[in-house]
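Please open the structure in a viewer and keep the sequence at hand.

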Amino acid sequence: MDDLARTKDNPEYIFYDGPPFATGLPHYGHILAGTIKDIVTRYQSMTGHHVTRRFGWDCHGLPVENEIDKKLGIKRRDDVLKLGIDKYNEECRSIVTRYVEEWEKVITRTGRWIDFKNDYKTMDLKFMETVWWVFGQLYEKGLVYKGFKVMPYSTSCKTPLSNFEAGQDYKVVNDPEVLVTFPIVGEPQNAALVAWTTTPWTLPSNLALCVNATFTYVKTKGSSVGKKDNVEDSYEVLERVSGASPVGLKYEPLFNYFSEFSDVAFRVVADNYVTDDSGTGIVHCAPAFGEDDYRVCSENQIIRKLSTQIHFNAIASSFCKSYIGYRIELLASFGISSVKEFKDYPFGENLIVAVDDDGCFTERITDFSGCYIKDADKDIIESVKVRGRLVKSGTLYLNMSSKLFLTFEVWKDNRPDNSLVFVVMALFWVIGKLLFEVVEVYFVKHLIPAVTVKLLDLWFIRVEQLKDQLLVNNKQTYWVPDFVKEKRFHNWLENARDWAVSRSRFWGTRLPVWISEDGEEIVVIDSIEKLEKLSGAKVFDLHCHNIDHITIPSNRGPEFGVLHRIDDVFDCWFESGSMPYAYIHYPFENVELFEKNFPGHFVAEGLIRLVDCLFYTLMVLSTALFGKPAFRNLICNGLVLAEDGRKMSKSLKNYPPPMEVIDDYGADALRLYLINSPVVRAETLHFKKEGVYGVVKDVFLPWYNAYRFLVQNAKRLEVEDSAPFVPIDLTTLQKSSNVLDQWINSATQSLVYFVRQEMNYYRLYTVLILSCKVMAPFTPFFTEVLYQNMRKVSNELEESIHYCSFPLAEGKRDERIEQSVTRMMTIIDLARNIHECHNKPLKTPLREMVIVHPDLDFLDDIAGKLREYVLEELNVRSLMPCNDTLKYASLRAEPDFSVLGKRLGRHMGVVAKEVKAMSQENILAFEKCGEVAIAGHCLKLSDIKVVRDFKRPDGTTEQEIDAAGDGDVLVILDLRPDESLFEAGIAREIVNRIQKLRKKAALEPTDAVEVYFESLDQDKSISERVLHSQELYIRDAIGSPLLPSTLMPSYAVIIGKETFHGISSLSFVIRLSRATVAFNSSSILALFSGKTKLADGLQTYLLSRDYVNLKSEFQQGNGKITVDCIENVPAVDLVLGKHLFFTVGDLYSANCNS
């Protein structure tokens, strides 16, 4: 890229671009995040930095594999093995770049300045090698271990899932739910605990019941009869007991699949994770299929939480070599001292995990062996029923009112009448709610392909060990908006758990771990060079089918065989978290570039990427590797939804395609629409195409009109001055005594200062060319077009506006004049509102206006420097300033709730009441002093709005004098008719009709035309009087004299004509004609001694000449030419202004002057 070459010696600005998945097309979320990234990086480039912008692709993970599974009809893991991992992975590789051209087309069309040719891919050899290095570094630091964890698990993909992957493709389904009894062992009254579950398939793996020790439970007798309002009406309540009472009780297992562990299992435990918002308040625990179940059972020694710590043991031998040891770190109470004992230990995987990789019950669950877990629900419920342990069963249904009803299949239990039941629910939840009643709304969701949770043997990163440093590093970063950092992300780090980074899939970066067959030796590879050295093999790719055959000889000797690589691949978020190092192949290349510029300066992604771990994994890995955050500044945007508030869906067709919007309104408008919305504050945007049109209408059209106004007037000056237009240089502008020049200069410098300040804090919220430079990062296309046109008449040397330096706030800023001009614009708006309320056009002149404000400096500006601008804009003859605010207005004070509400909190009501009760004298004193103490609080001018209500002068009506205010300034207009202003009003009406006719004739301001007026009134004296008295005004307004129609020559070319009636009681015709040569007939006749034929021949010749060329000849001859080319006509010398004129208007003016 040319920009990179131009800025190669500038300070580096490091930007991390989180790569999107390459298996789909870009949507508005991508465009939004890309726009934010583009604005910041363009700005940094314009402020003197070297910004490398490489596009990246996330190539690994389930999205790619799912595409291939669908394509090849793969259902089971065995299908991949039969096909061949090599063929499967190459199929995955083949689709990764399927949409590259579409991405490049869309992203480039949106104006994003990024390098697609020099992109990076997570499947690249260099990228994957750095990922190995990252893992190797963590391993050396003792941050890697192998252990068990309950995780989301896809039975279709045969792999654990990240939270992000498990959260995709949800749908609402019907789910069974059951109430099951668990008889208490040794209970003299045969009492039983009752638990509720919506996953009957987990009941065969039940090992415990969990209560909440803070709840109150009831012990009842008998069966329920009918639908009652509370438990007391349904059951005979024997007693109320605390949640701690049943803790430690043993109960009869529902099934006998794990009966050999009765010594430690099948008992009641307590934990606060049990809630009262659904169910009965007792949770059945199957630790292999629930994270809390696993934790609670581990903490209560029902199962033993095992972890294996893998590390190096450097053992010096006679040859001064070291070998890699393999040790399992276990609690002494486990009584395990060897790998073999660990593998044979009864509380291993076979005990707890009764479901295989395909989601089917194992042989241990004899009654349901080989049955898919969800298909087994009905059989399990029937088995529970046969065993006499089913209280009720039902199904959850979702209806359109968003309420879920419980419909029970009522079953008569044959239990004795004196049987007792612990009804497991908190008492306050029970009262007023029976099991048959409507329950609270919730959705039962399943991922397709089917997802469950399962205890898995995985490789982990010790994130919990890094928690304190993670929190410290998070404080060193700057986030926009900051609440995401301070609340959501901080809370996530506070609750960080060890990270399972291994996945049992094929298409990904393989974990670089080689283990011996006896498990006693392990090697972790952190570079290709190391693998080649240890194995003797040549490595060209790190995907499993190209390295799994590589073995490493044992350090202990040939009799111990070789080490083989383990089967797992990395969680793709481990790759994303490694991106700051992997995309530049650190530490194998670019060492100085990385170490001088880490942490990176900027990263930006959507809030959804916070949920799917990008920011988290970046922070974890950088903290683990370097003790630093990965980034310094971060922008987190919200979610772009369809206009109806739902997720954008192709099937629903509830959003316009991005390219359609860009084609209709332009990429710049879409960019501004997105970044000027709540979505840049991590809130939600309901995308509306009309909103993009609003940006065109409210931003780009006024902006273009300002540019168009400049160009038109520059051309006009070139015509009038017969010289090229040269813009005023900035130094001259800064020294100008004209108040609007001063305001323009000051306001422009304020704009530059503001944009620089906001951009430096990563907040996304000659004058025209300067504004283009300021806006170039935001609207790259529009500003480039304007720049290229204005560059033709300026001294700008850069070929593109995007090569220009960002403007500096160099000029003098005059805050007073800026404020005064802002107030002036407010005055004009208020006065226009009064005109509109009384249906008075601005063309109707008014006699007087009064401006009421206490600020004498402002009134001096309005009555002095800005006076003529106000009078001209509003067509008023006189302006009277008034600082006596009580003369025309009564004052009242209003608290600014938006400012004070958050600050005062519960005191706001008392303060607001006293503010509203302030007297006019108190308000005036407050304005003078600048602050006031109310109810113990000091309030400033920004806290209280002083409202000025108009007090009309006595003896006048609303139709005669009216006013408008904004709480700051009051504008009063005298609306009474004044005969002395009548002619001025008519003149404005005539000028207005002329300008509209010019526009109708498609004329440019630089087009020279003659304007002729013809009165249609019988009494023409009124129009003649108006044209005479208002001649100078009309001439200035239309750029030429308004000519009587009687002066229009016969050879005039009419290009516009319109008749008007009833304009201020006048009727007239306006004609527009091309500018043409006009002759002083008497002077020309004198050239030929009164010979009319010769004079006519000369005039005919001159009229046949090209108007522009003839005009140029006179200019070159200093107003004189010689005509000697007419046959039979003697040569004559013609003088401009004596013998002929370039317009009829010039001839008319000369005659008037003479």
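**A strand pair**

Select β47 and strand β48 (residues 1132–1135): the two run antiparallel and are joined by four bridges. The model in view is a predicted one. Within this pair, Thr 1122 stands opposite Asp 1133 of β48. Now colour β47 (residues 1120–1123) by residue: Ile 1121 and Val 1123 make up its covered face, while Lys 1120 and Thr 1122 make up the uncovered one. In a regular strand, side chains alternate between the two faces of the sheet.

Asn 1118 is not a glycine, yet its phi is positive, at about 55°. The residue is exposed, because its relative accessible area is 71%, above the 50% limit.

Next, select Ala 1002, which is placed in the loop between α38 (982–1000) and β42 (1009–1015). Here too the residue is not a glycine, and phi is positive at about 60°. Ala 1002 counts as exposed, with 63% relative accessibility. For context, most residues other than glycine have a negative phi, and most peptide bonds are trans.

**Two cis peptide bonds**

Go to Val 480 and Pro 481, where the connecting peptide bond is cis and omega is near 0°. Pro 481 is found in the loop between β22 (478–480) and α16 (482–494). Then select Tyr 586 and Pro 587, which are also joined by a cis peptide bond, with omega about 5°. Pro 587 belongs to the loop between α20 and α21.

**Salt bridges**

Side chains of opposite charge can pair when their charged atoms come close. How many salt bridges does the count give? The count comes to 52 salt bridges.

Start with Lys 126 and Glu 589, whose side chains meet in a salt bridge of 3.0 Å, N to O. Lys 126 is in helix α7 (residues 125–140) and Glu 589 in the loop between α20 (579–582) and α21 (591–597), so this pair ties together parts that are 463 residues apart in sequence. Both partners are partly exposed: Lys 126 has a relative accessible area of 45%, and Glu 589 has a relative accessibility of 31%.

Then select Glu 660 and Lys 689, which form a salt bridge with their closest N and O atoms 2.9 Å apart. This pair links distant parts of the chain, 29 residues apart: Glu 660 is in helix α24 (residues 658–665) and Lys 689 in helix α26 (residues 689–721).

For another pair, select Lys 8 and Asp 9, whose side chains meet in a salt bridge of 3.5 Å, N to O. Asp 9 is exposed at 67% relative accessibility, and Lys 8 is exposed at 54%. To see a network of salt bridges, select Asp 17, Lys 37, Arg 112 and Glu 605 together.

**A buried arginine**

Select Arg 1071, in strand β45 (residues 1066–1074). Arg 1071 is buried, with a relative accessible area of 14%. Its side chain is joined to that of Glu 1014 by a polar contact of 2.7 Å. Beyond four places in sequence, Arg 1071 touches several residues, including Tyr 1012, Ser 1045, Met 1048 and Ile 1054.

**An open sheet and its helix**

Display β14, β11 and β15, three strands that form an open sheet in the order β14-β11-β15 with mixed pairing. The edge strands, β14 (267–270) and β15 (283–285), each pair on one side only. From one strand to the next, the twist averages 35°. Strand β11 (residues 208–211) runs antiparallel to β15, and three bridges join them; Leu 209 stands opposite His 284 in β15.

**Cysteines**

Finally, display the cysteines: a search of the whole structure finds zero disulfides. The closest cysteine sulfur to that of Cys 544 is in Cys 92, 9.4 Å away, which is too far for a bond. Cys 544 is buried, with a relative accessible area of 0%. Cys 929 is likewise in no disulfide, and its nearest cysteine sulfur, that of Cys 938, is 8.5 Å away. Cys 929 counts as exposed at 57% relative accessibility.

How values were computed
Residues numbered from 1 in each chain as written. Predicted model: local features only at pLDDT ≥ 70, side-chain atom pairs only at ≥ 80, totals over all residues. Heavy atoms only, no water. Salt bridge = Lys/Arg side-chain N within 4 Å of Asp/Glu carboxyl O. Buried < 20%, exposed > 50% of the residue type's maximum accessible area, 1.4 Å probe, protein only. Disulfide = S-S within 2.5 Å. Pairing = 2+ DSSP bridges. Axes fitted to C-alpha atoms, helices over the stretch in contact; angles between N-to-C directions. Polar contact = N/O pair within 3.5 Å; in protein donor to acceptor, adjacent residues only side chain to side chain. Contact = heavy atoms within 4.5 Å.
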